[in-house]
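Please look over the fold shown here.

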Amino acid sequence: MQIHCVKSADTQYMKTSIRNYFSNTRHHEPEYKDYKYAAKEYIYGEFFRYGLRTEYHTFQETSVSSTDYFQSVIGIARGTNFGTANDRIIGLGAHYDTVKETKGVDDNGAGVAAMLEVVRQLTDRNRNGVKRKNTIIFVAFDLEEYGSCRGALDCKLPNVPLAGSRHFLKEWLPVWLSINYGNAIPPEMHGVIILDTMMEYNTSARSQMIPPQILPAFQTAFPDAYASIASDNFRGDFLNLIYRKPTNDAYLAAEFLTSWKKLGKAKYEIESLPLNLIKFSEKSSDEKNVLINFMRSDHGNFWESDLNVQGLPAIWLTDSANFRGDMIKCYHHECDNLQVMLTDENINFLGKTADAIVTTMHKLSEPSGSGIKDDSSHNSISAGGIFGIIIAVIVLQIPLIVACIIWRRNKSKNEQKRSSEFENPSYGNNQ
């Protein structure tokens, strides 16, 4: 059996990314555009640096601006099945924009930093010899916080923004599939993992809130999760794994859950929240009122996609945003900043999430090759190779040896001459 080692997250890399590019407002209004542009360019540069096929998806959202253009950043690692019906594509997405009232460290600098760390680890294995059957797509979405499809005939989620992923699914993805797969578009994909507001780790009692208006429904829908949270005195020390139980989301969720548990670090917990729905848009008004808090990120557009009768598989990883600890008051406010959010505990929590994503995507990409350089093809040298190296070293040293011999011979002659002069001194003619 081939064993694929996964290194642990580089938390310093994630910290640096957040500090330098995701610690201030990334909004489309003029006074914030420069920082948002720098964040976008950094994502593009990192995707490109790590060997991804990198591009922008440029789109307009008239509900936000009739003149401005917006850009998501896309990076692609092609598998050997690329362009064929056998390609089981897997994706990872996180939005990089913010509302204008926040610095956006947890929402969603943390998600982008984790995604870049996953890119770093997976492409490191690629450079060290791993070949993958399945294609991986990474997307940093613009305009998750803004935009509305309200009024459009095909509007599925009128009460949430999520413009960037909506345009991605309607404009970029169908065209990309048609160009690259033609009539061999894969009938299934492994799905996409969405990262949004996912860094707060809080061990204080009653730091985890469940909205009172949905508490009875929460207890009914997720009895195991509720019992677990309650038994821990409602501490916000876990990651939420949200998915649709009756769909292929469940397979992706199960793989992620297995990866999480294998990593250890048991103090960083996880709770599974499997929803009993296929399409949110097909639920009654009362059901929608309960479920709307589970539709607040880009996974919602994948669930509602018309590209498949059940939508596209997606899971959402989150700390629950404004229902936990500091984020109860800091969500979409100024205190979602470095001073409050970028703690060692939070970044280590984020690191475990990144490692679990790496393990999950690595497996689902169907890799071959160890991805480790210290195997025989890289570090072992045959006896013939060693003998050749010895001969080469000797040959290279011959000129130096000859020069040394000549120098010592000349030195010896000079010393003999000086000794003779000392024993038989001549100070001029004797008369």
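Two strands count as paired if DSSP finds at least two bridges between them. Strands (E, at least two residues) and helices (H or I, at least four) are DSSP runs, numbered from the N terminus. The model is predicted, so local features need pLDDT of at least 70 and side-chain atom pairs count only at pLDDT 80 or more, while totals for chains, interfaces and linings use all residues. Residues are numbered from 1 along each chain as its sequence is written, and side-chain values use heavy atoms, with hydrogens and water left out.

**Strand 7 and its partners**

Strand 7 and strand 9 (residues 314-318) run antiparallel, joined by 3 bridges. Asn 240 has Thr 318 of strand 9 as its bridge partner. On strand 8, the pairing is parallel, with 7 bridges to strand 7. There, Leu 241 is bridged to Ser 272. The chain passes from strand 7 through helix 7 (residues 249-262) to strand 8, a right-handed β-α-β crossover. Right-handed means that, with the strands pointing away from the viewer, the path from the first strand over the helix to the second runs clockwise.

How many residues of strand 7 are buried? The count is 7 of the 7, so the strand is largely enclosed by the rest of the structure. Buried means under 20% relative accessible area, exposed over 50%, and partly exposed in between (1.4 Å probe, protein chains only). One side of strand 7 carries Phe 238, Asn 240, Ile 242 and Arg 244, and the other Leu 239, Leu 241 and Tyr 243.

**Helix 6**

Helix 6 (residues 223-231) buries Ala 225, Tyr 226 and Ile 229. They lie on the same side of the helix because they cover an arc of only 100° around the axis. The arc is that of the directions from the helix axis to the C-beta atoms. The buried residues pack against helix 5 (215-221), strand 7 (238-244) and strand 8 (269-275). Exposed Asp 224 and Ser 231 sit on the face turned away from the buried side.

**Nonpolar cores**

A nonpolar core is a set of buried Ala, Val, Leu, Ile, Met, Phe, Trp, Tyr and Cys residues joined through side-chain atoms within 4.5 Å. The largest has 63 residues, of which Phe 138, Leu 195, Phe 256 and Met 361 touch the most other members. Helix 3 (residues 105-127) gives the most to this core, with 10 residues. A second, separate core of 40 residues includes Ile 89, Tyr 181, Phe 234 and Trp 316.

**A buried glycine**

Gly 79 lies in the loop between strand 2 (70-77) and strand 3 (90-95). At 10% relative accessibility, Gly 79 counts as buried. Beyond its neighbours within four places in sequence, Gly 79 is in contact (heavy atoms within 4.5 Å) with Arg 132, Lys 133, Asn 134 and Thr 135. Its C-alpha atom is 7.7 Å from that of Ser 365, 286 residues apart along the chain.

**Backbone geometry**

Most residues other than glycine have a negative phi, and most peptide bonds are trans.

| Residue | Phi |
|---|---|
| Leu 143 | near 55° |
| Thr 197 | about 55° |
| Asn 233 | about 60° |

Leu 143 is in the loop between strand 5 (136-141) and helix 4 (163-181), and counts as buried at 0% relative accessibility. Thr 197 is in the loop between strand 6 (191-195) and helix 5, and counts as buried at 3%. A cis peptide bond joins Asp 107 and Asn 108, with omega about 5°. Asn 108 belongs to helix 3.
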